[in-house]
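Hi,

Here is the structure I promised to pass on.

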Amino acid sequence: MTHEEMSELYELYALGVLDGEERDEIGQHLSTGCEVCQTGLRRAAMQNVAILAALTPEAVPSGRVRVRLLAGMGIAGRTWTWLGWAAAAACLVAAAWLGVRGSQMSDELTAARQQAALTDHELARVRVVLDVLNAPDTRAVVFGQEKHEPPKGSVFVNPHSGVVLIASRLPQLAATQIYEMWVIPKGGAPKPAGLFRATAAGTAIHRLEGPVDVETTGAVAVTVEPEAGSSAPTSTPIIVAPVAGS
Amino acid sequence: MSNTFLVSVAVWILSAVLHFRDDSELVDRLKRRDPHAMTILYDRYGRLTYSVILRIVRNEGVAEDLVQETFLRIWNRIPGFDQQKGALGPWALTVARNRAIDYLRSVEGRAGETAFELDLLEHPTLFGNVQGGMLTLDRQKMLRDAVERLSPNQRLVIELAYYEGLSQTEMAARLKQPLGTVKTWVRSALKMLRQELGEAVA
């Protein structure tokens, strides 16, 4: 047999199930100290173990096997007092709980990290929005209250910080569409004020940064536009918030 | 208890378990004839060896006797084990399997016909070069999946070889199939499993 032919038989040889002639030939060859075949045999022996370990259904031996084995060697088995049993039981319960809890905690930790990253971003946005809302010179306009159909919300306009739109019950858009906010000067053409998307729940907070001349602003509006946005509205506004005092 | 505390405890337990899995210290204690090392050895590999033996002999009482024989054999032969290279678990598993096959052959009257020197095939030096990933749970799952992909005949001959210790000639007689056919099933099955293990075995 060539090395290649023998290499196909190493597992059977290591299992001790190779028939006479082939077994003898490999045995004789191994006795020459062939390093290739010695390595092949070790590999086969380990493969056999891996297959056994993978295929064998797990069974639990009776406690008496351990006792007999150790007693036969003159080693006393453990003496289990009620305290020992209680401690063991407590450990088992704790281990089981830790196992389950550990898995849950891992998932929760991942989710928490993602949430934390999101929260940092959201928190920064909320702080800015709150600054606008709390500023004494901010003008607030509620919209949609008189309408039975959505959306509803508020627009906050501050001469220094810009415009904040908070809306709810916004309709879900197609993937190719987007919401666009407009600041409409009195008697002038709408000016683009940024693109935004609503959450799955239909809510959105959108901010236009920068100074706004409140006195000359007639309204803030929102339209549905192609996802790249438009330089001028291409649809009827779904939100129109007249800026108070105009 | 805070979650932080629980995580710390879990990490500590995991570290202890991982440390425990290093067999070199255990082999050293067994070589120094520390009888308490046998307790650790049994606690570590008792269930695995029992499982393999029971699968082969299918009798709990016999399996228990053979487990005892297995561990005594390891105790007696540990001086020849090289803890720098050796893999104690695979060796223990092989000794267990061979004790069970030896028993099966003797009760089936096969000992005189095809008995092979299993002793030689469980020499500790055979279990020296193994990469750590070979017996990982992932690897075992891949192997189980590979076995699932074997044809019924391929799987049957693998079980006859591993769990009944039948030679290919004996398989052919039992299955009433030509020897060449049986050899084809055996070799193709082993080839698939060999490929699945890939580079895990050095």
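Chain B has 10 helices and 0 strands, where helices (H or I, at least four residues) and strands (E, at least two) are DSSP runs numbered from the N terminus. This is a predicted model, in which local features need pLDDT of at least 70 and side-chain atom pairs count only at pLDDT 80 or more, while totals for chains, interfaces and linings use all residues. Residues are numbered from 1 along each chain as its sequence is written, and chains are lettered from A and ligands numbered from 1 in the order in which they are written.

Of the 202 residues in chain B, 38% are buried, meaning that 20 or more other C-beta atoms, placed from the backbone, lie within 10 Å of the residue's own.

The largest nonpolar core has 69 residues; such a core is a set of buried Ala, Val, Leu, Ile, Met, Phe, Trp, Tyr and Cys residues joined through C-beta atoms within 7 Å. Those touching the most other members are A:Y13, B:L41, B:I53, B:A100, B:V157 and B:A161. Helix α3 of chain B (residues 35–57) is the biggest contributor, giving 11 residues. A separate second core, of 25 residues, includes A:V163 and A:I184.

In chain A, strand β4 (residues 177–185) runs antiparallel to β7 (residues 217–226), with 9 bridges; strands pair if DSSP finds at least two bridges between them. A:P185 sits opposite A:T217 in β7(A). β4(A) also runs antiparallel to β5(A) (residues 191–196), through 4 bridges, and A:V183 has A:K191 as its bridge partner there. In that hairpin, with 5 residues between the strands, A:G187 has a positive phi near 70°.

Best wishes

Conventions:
A residue is buried if 20 or more other C-beta atoms lie within 10 Å of its own, exposed if 12 or fewer, and partly exposed in between; C-beta atoms are placed from the backbone.
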